Amino acid sequence: MEDYKKTLDIIVERIAKDYRPEYSVVDVAQACYDSVNRIHPEEVEAILLKSKDGESGYCNQCGKCCRDYYIILRIEDIYKLSKVVDITGNIEKSPDHPDLFRFKTKPCKYIAKDGRCQCYNQRPLTCRNHPITDGGGHRRVVRDTECEYILGFFYDKAVSLLTKTAFK
Ligand code: SF4
Ligand code: SF4
């Protein structure tokens, strides 16, 4: 168990080293793939098996990522969101970055009654890159230790890149 956590921390550390706030989803997928690839294949297999045991790895739909952060937005996120949801009065400047914005509300206003995202296909990059980017305004790589999706995130992104499926 401890080895598994240590390996995850090594992967996050490697991504953090090269991460840039302007990374696209494809860039993040590439960083995940590269990082996972630099780990010994047996270690990767071991952490994937751990996730299948239910210890960690997949989103448990707790909703924390949509409830507990002010979601940071780029101008292109705002443009895309404006096509699918009403953003009137819900955007403000990020207090930490003069060139970025954020939702005014926390929890996020776009959580539907059933807990799903009302703008899923157009959701901001911060949401797409959770749990490796923080929602606190710095858009740096962090490991949200309470989020169980951490391993699934690496796995999904790496597989998406390998199979060239649409990035979600
Ligand atoms: S991504 Fe993480 S924080 Fe968000 S709902 Fe899934 S498990 Fe919870
Ligand atoms: S935009 Fe969607 S995914 Fe992002 S915080 Fe809001 S409900 Fe969650």
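This is a predicted model: local features need pLDDT of at least 70, side-chain atom pairs count only at pLDDT 80 or more; totals for chains, interfaces and linings use all residues.
View 1. Residues are numbered from 1 along each chain as its sequence is written, and side-chain values use heavy atoms, with hydrogens and water left out. Glu76 forms a salt bridge with Arg74, the term denoting a side-chain nitrogen of Lys or Arg within 4 Å of a carboxyl oxygen of Asp or Glu. The closest N and O atoms of this pair are 3.5 Å apart. Arg74, at 16% relative accessibility, counts as buried.

**View 2. The salt bridge between Arg74 and Asp77.** The side chains of Arg74 and Asp77 meet at 2.9 Å, N to O. Both Arg74 and Asp77 are buried. Through salt bridges that share partners, Arg74, Glu76 and Asp77 are joined into one network.

**View 3. The salt bridge between Arg67 and Asp68.** The side chains of Asp68 and Arg67 meet at an N to O distance of 3.9 Å. Asp68 is partly exposed, with a relative accessible area of 36%; Arg67 also counts as partly exposed, at 38% relative accessibility. Side chains of opposite charge can pair when their charged atoms come close. A search of the whole structure finds five salt bridges, including that of Asp68 with Arg67.

Technical notes
Chains are lettered from A and ligands numbered from 1 in the order in which they are written. Buried means under 20% relative accessible area, exposed over 50%, partly exposed in between (1.4 Å probe, protein chains only).
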